[in-house]
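Please look at the sequence and the model shown here.

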Amino acid sequence: MLFHMPARLYFGSGEINHLSVIIDEYLKAKNPVLVTDKGIVHSGLLEKVLPQLPGIKIVDEIEANPKSDTINKIAREMHRHPPDLVIGLGGGSPLDAGKALALLGTNNGNIEDYEGKEKYKKDPLPFLAIPTTCGTGSEVTWVSVITDVNRKFKMSIKGPKLYPAVSIIDPDLIKTLPQSIIASTGLDALTHAVEAYLSKPATFITDHHAVKAVQLILGAIEGAYEDIKTHHTDRENLMFGSTIAGFAFGNSDVTAVHCISESIGALYDIPHGVANSIFLPHVLSYNLPACFEKMATLARQVGIKHADDRAAAGELIQLIKALSNRLGIPVFKDLKIGKDQFEKIAGMSFENNSTPSNPRKLQKEDYLEILENAYE
Ligand SMILES: [Fe+2]
């Protein structure tokens, strides 16, 4: 049983204040670049870190579902004044973009050339991750997901050298998140934990993290949604749950929920967490016959008492569905994706690398069935 997570973590309220010391004394970087997005700039969060990074070069053009041509363009510009550290500040998009840019900082060509596992020739630049949402998990995983604009396909670029060297996980950084982002990123984290637990490569160690993550997230998400500013413990638990959900899926895998959400994200630019929240209960219903015992074990860990395994598993699915409702997550129909697109989505989802990790075998037709059920 292998468990690998080499990133050095600084976790807790106020840890962001140690940023410059970490860069100077631990990473010993002299010329870092900061990768972020316009949302972070407008939120005022950038101002929280800039006093510690005087004169730093800022790249703020990362979009949601980061695109290959954006990454390639920034990398070409970056080569003119090569940095010795990449800092990613933001949600999943700036963090994944930061990993991709760290790779292209030392390797030639376009990011498309590095799709798959360990395709880099030279070790990427060190990467420092600072998550500002409670969902991505990218701060503790080896994968960067980038949309190949030509194929309209989300590529996974991964390898042991793509783990962040350092992650600063400061729950105070999510203090100003709008409710809709708390809901979608928090439910993304819940999806990571549930999928990691039920995935075929799950191990004793990933199960341990996944169960704890589900408990923390379910216990904290509504309090955080209600009032993120004053609910300090919920904020901390949600962020901690998101991180250890990353430990879990980073060392096992995700399943069919992410296969669908990555397809929909690449094709229609739907926010990742929203897509996951919509499909999680429907994929669980499909998977129930193959893993109701394990689902029931998870259900009992979050207080569902039913003695019958199938019934307990069913109750867990209902609990997740009701939670999504209370958190204002839209339904599939609200995304305005026509039924004529289902063939394409099902085909792409089936091709996703994580399809074999789903606990119940899936063909393209099964994805179609899940999409139809979610639509009704
Ligand atoms: Fe995710």
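Asp 269 lies in the loop between α9 (256-268) and α10 (272-301). This is a predicted model, in which local features need pLDDT of at least 70, side-chain atom pairs count only at pLDDT 80 or more, and totals for chains, interfaces and linings use all residues. Residues are numbered from 1 along each chain as its sequence is written. Helices are DSSP runs (H or I, at least four residues), numbered from the N terminus.

Lys 336 is in the loop between α11 (309-326) and α12. Most residues other than glycine have a negative phi. The table gives phi for the two loop residues.

| Residue | Phi |
|---|---|
| Asp 269 | positive, about 55° |
| Lys 336 | positive, near 60° |

Asp 269 is exposed (12 or fewer other C-beta atoms, placed from the backbone, within 10 Å of its own), with 12 such atoms. Lys 336 is also exposed, with 8 other C-beta atoms within 10 Å.

Helix α8 (residues 232-251) is mostly covered, as 18 of its 20 residues are buried; buried means 20 or more other C-beta atoms within 10 Å.

Helix α12 (residues 342-351) packs against helix α13 (residues 364-375) at about 125°, with the axes 8 Å apart. Axes are lines fitted to C-alpha atoms over the stretch in contact, and angles run from 0 to 180 degrees between N-to-C directions. The angle makes α12 oblique to α13; oblique covers what is left after under 35 degrees (roughly parallel), over 145 (roughly antiparallel) and 65 to 115 (roughly perpendicular).
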